[in-house]
Each structure stands twice: as C-alpha cells, then as structure tokens.
Amino acid sequence: RLHLIKLDAEGSPNEDIDRIESHFAKLAADFGVRKDETRAAAIAELATLPEDSARVLLDRALANDAKPEIRKLAAEALATGMRRRSRPNLRTALGDDAESVRKAAFAALKTIEAETPLAPVRAALTSKHADLRKLAVEELPALRKISPLVPGLVSEKLRDGADTVRVAALA
C-alpha cells in the first residue's frame with residue numbers, strides 16, 4: 001500500500017492523501033468475491049507472478065476456499081509456478097474432502113518434487129482417503145529402481161483397511 005501526500009506551495013503537507021492499493025491487495029480482495037469466475041481469474045493471474053506474496057495468496061485459496069474447483073485451480077497454479085515453499089500446504093491438501101483437490105495436490109507435489117519422486121508418493125500413502133492411497137500404490141512399481149523401500153511400502157499396503165488399496169498392492 002502506498003500513501004501519496006501532496007505538498008502545497010510552501011512545502012507543507014496537504015490534507016488530501018491519496019491511497020494506492022497494491023495489485024496483491026486487489027487480488028486478495030478478489031478472493032472475497034462470491035463469483036467463482038473472479039476467484040478463478042485471480043488464481044490465474046497469481047500463477048504468473050513470481051513473488052512470494054502470490055504464493056501466499058495461492059496457499060490461502062488452496063486451504064480456505066469453499067469451492068473445490070477453486071482449490072483445485074490453486075493446487076494446479078502452485079505446480080505451474082513450481083512453488084516449493086507450498087509443499088506443506090499441498091501435503092495438507094492431500095486430506096481434502098474433494099477428490100479432485102486431492103488428485104491435483106498429488107500431481108502438484110509430483111511436479112514440484114520431481115527430483116525425489118518417492119516423497120510425494122509416501123505422503124499420499126498416509127492419506128486418510130483410500131482413492132489417494134490406491135493411486136500412490138499404483139505409482140510404486142515404477143519407483144522400484146529408485147528406492148529399495150518400495151517393496152516394503154507395497155507390503156504395508158497389503159494390510160490396508162480398504163480393499164481397493166490391497167488389490168492395487170497385489171497388482
């Protein structure tokens with residue numbers, strides 16, 4: 001936020017003060033609007049901005065927006081911008097109630113942590129949602145050459161509470 005104070009002819013401050021809001025303040029205000037299109041446009045714009053303030057706003061949208069579509073867009077924007085500092089928030093989003101948000105958060109983690117491909121899979125294996133655990137188990141065979149931990153992770157999921165996860169671990 002910038003305050004512009006005009007000076008009169010004698011150099012004394014004028015009572016007319018102009019306040020100029022930052023672009024981030026406008027984008028943050030857009031998240032308070034009820035229209036999904038406005039919030040989605042704000043996310044699209046934030047995805048293109050490299051500043052950390054943009055990441056903070058995207059994290060806030062991922063965690064707090066009421067609409068799963070907007071949270072999904074926020075996760076995708078974090079992946080597009082390779083926002084490494086958002087990894088804890090993306091891990092939290094693996095427990096989201098909406099399946100589309102969980103999958104977008106998992107995809108974002110895989111994109112951001114491409115150099116350590118086992119890390120996002122291990123995070124997804126601990127999810128409370130069976131669909132995400134199943135998806136993570138299905139990723140494990142491709143990672144067998146990368147880590148000796150993979151067979152143990154697969155065998156752990158043979159005792160999973162969800163039958164879809166156990167069947168995926170058998171495959």
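**Helix packing and the nonpolar core**

The crossing of helices α7 and α9 is left-handed. In this predicted model, the axes of α7 (residues 118–125) and α9 come within 12 Å and cross at roughly 15°. An angle under 35 degrees counts as roughly parallel, and α7 and α9 are therefore roughly parallel to each other. The contact is made by Leu 118, Arg 122 and Leu 125 on the α7 side, which meet Val 150, Leu 153 and Lys 157 of α9.

Helix α9 buries Val 150, Leu 153, Val 154 and Lys 157. These residues lie on the same side of α9, because they cover an arc of only 100° around the axis. An α-helix has 3.6 residues a turn, so residues three or four places apart point the same way. The cover over the buried residues of α9 includes α7, α8 and α10.

Beyond residues up to four places away in sequence, Lys 157 touches Leu 125, Arg 133, Val 137, Val 165, Arg 166 and Ala 169. Glu 156, also placed in α9, has a relative accessibility of 44% and so counts as partly exposed. Although Glu 156 and Ala 169 are 13 residues apart in sequence, their C-alpha atoms are 8.8 Å apart in space.

Helix α10 (residues 163–170) contains the buried residues Val 165, Ala 168 and Ala 169. Their arc around the axis is only 100°, which means that they are on the same side of α10. Val 167 and Leu 170 are exposed and are carried on the face of α10 turned away from its buried side. The partners against which the buried residues of α10 pack are α8 (130–139) and α9 (150–157).

The pairing of α8 with α10 was then considered. The two helices pack at an angle of about 5°, and their axes are 8 Å apart. This angle makes α8 roughly parallel to α10. On the α8 side, Ala 130, Arg 133, Lys 134, Val 137 and Glu 138 take part, meeting Thr 164, Val 165, Ala 168 and Ala 169 of α10.

A further helix pair is formed by α4 and α6. The axes of α4 and α6 come within 8 Å, with a crossing angle of roughly 5°. With this angle, α4 is roughly parallel to α6. From α4, the residues Pro 68, Arg 71, Lys 72, Ala 75, Glu 76, Leu 78 and Ala 79 meet Ser 100, Val 101, Ala 104, Ala 105, Ala 108, Thr 111 and Ile 112 of α6.

Within α4 (residues 68–80) lies Ala 74. Its relative accessibility is 0%, so Ala 74 counts as buried.

The loop between α4 and α5 (87–93) contains Met 82. This residue has a positive phi of about 50° although it is not a glycine. At a relative accessibility of 41%, Met 82 counts as partly exposed, since that class lies between the buried limit of 20% and the exposed limit of 50%.

The largest nonpolar core comprises 45 residues, of which Ile 43, Leu 46, Leu 62, Leu 90 and Leu 140 touch the most other members. Helix α6 (residues 99–112) provides the largest share of this core, with seven residues. In soluble globular proteins, nonpolar side chains tend to be buried together. Leu 140 touches Leu 118, Val 121, Leu 125, Val 150, Leu 153 and Val 154, residues up to four places away in sequence not being counted. Of these contacts, Leu 118 and Leu 125 also figure in the meeting of α7 with α9, while Val 150, Leu 153 and Val 154 are among the buried residues of α9.

Key: Residues numbered from 1 in each chain as written. Predicted model: local features only at pLDDT ≥ 70, side-chain atom pairs only at ≥ 80, totals over all residues. Heavy atoms only, no water. Core = buried A, V, L, I, M, F, W, Y, C linked by side-chain atoms within 4.5 Å. Buried < 20%, exposed > 50% of the residue type's maximum accessible area, 1.4 Å probe, protein only. Helix = DSSP H or I, 4+ residues; strand = E, 2+ residues; numbered from the N terminus. Contact = heavy atoms within 4.5 Å. Arc of directions from axis to C-beta. Axes fitted to C-alpha atoms, helices over the stretch in contact; angles between N-to-C directions. Parallel < 35°, antiparallel > 145°, perpendicular 65-115°, else oblique. Left-handed = near helix turned anticlockwise from the far one by under 90°.
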